[in-house]
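Thanks, everyone, for making the time this morning. I would like to walk you through one model, going from its core to its charged pairs and then to its pocket.

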Amino acid sequence: MLGAVVCKMETYSEQSGYIAMLAVDKDYRKRRIGSTLVKMTIKQMAAEGCCEVVLETEVTNKVALSLYENLGFIRERYLHQYYLNGVDAYRLKLWLRII
């Protein structure tokens, strides 16, 4: 296995997608595997009727921030000490359609 995405879809007032984790084997990075996996995930979530996709990533993870922002995600919220190790995070959101 070269990479994996852990995600889910939930219904609040509308169907929403959530990406919990993206991982790519370190020997296979910089080959667009991560962005391809995220694009496939977004495509499936859109097909299932999601109006948005959200995720969190560490503020120091410049590679992940660049990947997600290049796919259209925007920084929605700053989360102080979000992770158990005390690191801050950004919540990122991609709107798939207007609610």
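Let me begin with the largest nonpolar core, which has 15 residues, and in which Ile19, Val38, Leu55, Tyr68, Phe73 and Leu92 touch the most other members. Two or more residues of this core come from each of α1, β3, α2 and β5. Please keep in mind throughout that this is a predicted model. If we take Val38 and leave aside residues up to four places away in sequence, its contacts are Ile19, Leu22, Leu67, Tyr68, Leu71 and Phe73.

Turning to the charges, a search of the whole structure finds five salt bridges. In one of them Glu52 pairs with Lys93, with the closest N and O atoms 3.1 Å apart; because Glu52 lies in strand β3 and Lys93 in strand β5, this pair ties together parts that are 41 residues apart in sequence. Both Glu52 and Lys93 are buried.

Glu56 and Arg91 also form a salt bridge, at 2.9 Å from N to O, and this pair again links strand β3 with strand β5, across 35 residues. Glu56 is buried at 12% relative accessible area, and Arg91 counts as buried at 18%.

Arg75 and Glu69 meet in a salt bridge at 2.5 Å, and here Arg75, at 41% relative accessibility, counts as partly exposed, as does Glu69 at 32%.

Finally, the largest pocket has a volume of about 850 Å³, and of its 28 lining residues the closest to the centre are Leu22, Asn61, Val63, Ala64 and Leu67. The largest share of that lining, seven residues, comes from β2, and by class the lining has 16 nonpolar, six polar and six charged residues.

Note on methods: Residues numbered from 1 in each chain as written. Predicted model: local features only at pLDDT ≥ 70, side-chain atom pairs only at ≥ 80, totals over all residues. Heavy atoms only, no water. 1 Å grid on protein atoms, 1.4 Å probe; cavity = no way out; pocket = protein on both sides within 12 Å on 5 of 7 lines; lining within 4 Å. Points joined across faces, edges and corners; volume = space filled by probe spheres on them. Helix = DSSP H or I, 4+ residues; strand = E, 2+ residues; numbered from the N terminus. Nonpolar A, V, L, I, M, F, W, Y, C, P; charged D, E, K, R; others polar. Core = buried A, V, L, I, M, F, W, Y, C linked by side-chain atoms within 4.5 Å. Buried < 20%, exposed > 50% of the residue type's maximum accessible area, 1.4 Å probe, protein only. Contact = heavy atoms within 4.5 Å. Salt bridge = Lys/Arg side-chain N within 4 Å of Asp/Glu carboxyl O.
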